[in-house]
Each structure stands twice: as structure tokens, then as C-alpha cells.
Amino acid sequence: MRRLLFTMIVVSYFSPILRAQDMLGKISCHAESASNPENQSYKKKLWDGYEVSLAPSRNSQGPEYACTAAIFNATGRVMFRTTGFNVIFDEHHTGQDFDGDGKPEVVFITDTGGGNHCCWAYNVVSLAPKPHKLFDIDALGAVRFEKYPQGQMVIWKRTPGPYGLTSMASTPFAEKVFRVRQSRLVDATPEFCSRIFSDENEDYRIWGNDLTPDKIERLQTSAKTEDETEEVVSALLSRALQHVFCRQFDAAMRDLNLWPEAARTKMKADFAESIQHHYPEFADRLLHAM
């Protein structure tokens, strides 16, 4: 009962970050419960003679290594291992084919942030032709897997924008969309932008409600970009970030130019810093426009 209560607490806390059904795996280890006898070792048979095992770590180097999960072959040899503050065997997505080779994958969810609620990641492992990790999917925001009838796996990943321009609760986020090609994640966001910028997308509807001309005018004349204007700020930065992910750079610039003029230079510098690694061309454009 205590283990179930703890799992429910974890689910409620991380609901913006991970799908709740992924957090409810029967095979899971949570560091806070490491001394709890109910947080026992678990094993589950997979396929082709492989087995998954998950348990509190022996001789742990610290709480950030409190839990471990491993895949064993038929002879008992460890073929893959992940260790973290919390580790979950994702039964919901294990067994699905991520890389299109016709073979199922194994999925874990590992907390590598020492319980600081920052650093969960999906670990996707292939067993063919021999066990190897395909890729990790960082879960700073919600991660959603979408299986197409043709067997293709599409991964939606909410990705944060610049920090410090809003409260943590209103940090701007936008969607990145990935396909799996040649056993790696490939950014396919532009393929899905007509869908993202449509009423089908809840974020798009929110932007329409929060970014009306009256609210933009109130933002531009406000002495602060917080408090009563924070929802507008978050929506504006989120929409601009989504335009960047869609490589709609002119539209992103139009959004950012709606920012209060007195604070626009600093905002653009912060925004440029947040996207510099993946979108250097637009970051340079922002910096030269100041």
C-alpha cells in the first residue's frame, strides 16, 4: 500500500513531464523507498531468451545511483544496464518497434538527476541483432509516442525555451517532433507544423486566447513582464519558439518584436542563447537585430 501511495505521488508530481501510465509500471524502483521491503527486486521475461531485472542497487555510491535495471541474456550475462535515483521499466512502450526493423524494443525511464525533478529520460534499447541502446529521450517536458499505421514511430517532445523571463511554472515550451531513422532520432518538426498551428493543437488555441491585440497592447505598456502579464509572456515566447522549431524564422521575429521595446534587447539575447546550439543562424540574426 505504501509503495502504491508513493507511486501515485510521483505520478501527480511528474504529470507534466511523463505520461502517467508510464509511471505506473509494476516493475519500478524509487530511491525514497529503497529501505522499504516492498521496494523489492523484480524480474520479467522478455523474448528470445532475454530477461529484465530491476532492484535497489547494491553498494550504491549515493542516492543518485539508488536503483538499477538490467537486461540479461539466456546465460545470465548483463547486456544492458541503467542506474539512477529512480528507474522504471516502461511496460507500456516495451515491445513496440521504434526503429522500423520489425523487432520490438525495450524501454526504461531513468531519473539521473538525483531526485531533483529535472532529469528523467526514456532509454530505448534494441535486442537485435544484439542488445544495444538506440537512443535516450530527455523528458524535460511531456514526451508522447505516436505509432502510425505504416509502423512508423513518431515522438513528440515538449521542449523548454529561455529561462528567467517568466516564473518556472510559466516557462515557455514548444513541440519538437522526431522520427527514428538509421537507429537515431531525426528532427522532423517542420513536417508537422501545419498540424501544430491549427485548432487541433491545444497550444494553438491557448495562443489565440492569450495573444489578442488588447493583451499584447497591455504587455507593451506594462512596466513589468510578469504578474498579470505572465500568461501573455509565456504564450508569446512559446509561439515564437514553436516558429523557430518549425524554421519559420520571420514569424518568430515578428512575435519577438511584440515584446516591450525597453526590455527587447535583453530578451532577444536570452532567447538567442537558449536556441544557439540547434539554430545558430536565427540566434545570430537575433543578436545582430539588437
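The model is predicted, so local features need pLDDT of at least 70 and side-chain atom pairs count only at pLDDT 80 or more, whereas totals for chains, interfaces and linings use all residues. Residues are numbered from 1 along each chain as its sequence is written, and side-chain values use heavy atoms, with hydrogens and water left out.

A search of the whole structure gives 15 salt bridges, a salt bridge being a side-chain nitrogen of Lys or Arg within 4 Å of a carboxyl oxygen of Asp or Glu. One of them pairs R144 with E146, at 3.1 Å from N to O. E146 has a relative accessible area of 16% and is buried, while R144, at 31%, is partly exposed. Here buried means under 20% relative accessible area, exposed over 50%, and partly exposed in between (1.4 Å probe, protein chains only).

E146 also forms a salt bridge with R195, whose closest N and O atoms are 2.7 Å apart. Because R195 lies in helix α3 (residues 193-196) and E146 in strand β10 (residues 143-147), this pair ties together parts 49 residues apart in sequence. Helices (H or I, at least four residues) and strands (E, at least two) are DSSP runs, numbered from the N terminus. R195 is partly exposed, at 23% relative accessible area.

Another salt bridge links D270 and K266, with the closest N and O atoms 2.8 Å apart. Both belong to helix α8 (residues 261-275), and because they are four residues apart, about one helical turn separates them. D270 is buried at 19%, whereas K266 is exposed at 56%. Elsewhere, salt bridges with shared partners join R144, E146, R195 and E200 into one network.
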